[in-house]
Amino acid sequence: MSYTDLVNKEKAIKLLLSRGVTIRDIADITLTIQKQYYENLTIEYCEENVIKVLEKTEVQNVIFTGIALDILCEKGLLPEPLNELVASDYPLYGVDEILALGIVNVYGSIGLTNFGYVDKEKVGIINKVDKIGKRTDKCMTFLDDIIGAIAASSASRIAHNRIKE
Ligand code: MG
């Protein structure tokens with residue numbers, strides 16, 4: 001891991017925290033979707049894997065980009081029609097999911113399957129973030145997909161490591 005990746009990992013963690021999301025929150029989703037396959041899976045091991053995912057340049061870049069768009073949208077600073085599309089979390093907008101795929105992409109097809117699942121079922125903190133986005137003036141349009149993608153990628157990482165063992 002390069003020095004920049006290390007520094008940006010810390011920045012990404014802080015940025016997620018500033019939006020109300022902890023590593024534990026994301027690891028909880030990973031645990032929920034993987035515990036049925038691995039009976040000894042612990043929350044600590046899931047957290048380790050979330051942190052490993054956050055060390056990837058591609059992952060950090062998606063976090064910086066997506067959360068920046070959410071924040072700019074809250075301030076009304078995106079040009080129209082984009083601000084309204086993002087603010088209303090318009091179902092056919094879809095760029096939030098596409099951007100998050102940039103995270104899942106690093107981890108192959110198991111990541112993709114898990115991403116679809118957590119997005120549909122709104123597991124754990126995703127449900128909370130989704131409600132905040134709908135009921136307050138906070139914009140969480142990109143954040144919910146980013147969380148789902150990190151959790152899905154961590155799950156994929158765990159699966160790949162178990163196969164290697
Ligand atoms: Mg979204």
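Author: One term before we start: contact means heavy atoms within 4.5 Å. Also, this is a predicted model. With that in hand, the buried residues of H7 pack against H2, H6, H8 and H9.

Reader: Which residues of H7 are called buried, and what makes them so?

Author: They're Gly111, Asn114, Phe115 and Val118. Buried means under 20% relative accessible area, so each of these four falls below that cut-off. Ser109, Thr113 and Lys120, on the other side of H7, are exposed, which means over 50%.

Reader: What span is expected for H7, and what does the model give?

Author: H7 has 14 residues, and at 1.5 Å a residue 20 Å is expected. From first C-alpha to last, H7 reaches 21 Å, close to that value. Next comes Lys122, with a positive phi near 50°.

Reader: What makes Asp96 a donor to the magnesium ion?

Author: Donors are N, O and S atoms within 2.8 Å of this metal. Asp96 (OD), Thr141 (O), Asp144 (OD) and Asp145 (OD) coordinate the magnesium ion at 2.1 to 2.5 Å, so Asp96 qualifies. Thr141 and Asp144 are buried too.

Reader: And which residues have the most contacts inside the largest nonpolar core?

Author: Leu16, Leu54, Ile63, Ile147 and Ile150, in a core of 48 residues. H9 gives the largest share, 10 residues.

Terms used
Residues numbered from 1 in each chain as written. Predicted model: local features only at pLDDT ≥ 70, side-chain atom pairs only at ≥ 80, totals over all residues. Heavy atoms only, no water. Core = buried A, V, L, I, M, F, W, Y, C linked by side-chain atoms within 4.5 Å. Buried < 20%, exposed > 50% of the residue type's maximum accessible area, 1.4 Å probe, protein only. Helix = DSSP H or I, 4+ residues; strand = E, 2+ residues; numbered from the N terminus. Donors = N, O, S within 2.8 Å, 3.2 Å for Na, K, Ca; no water. Expected span 1.5 Å × (residues − 1).
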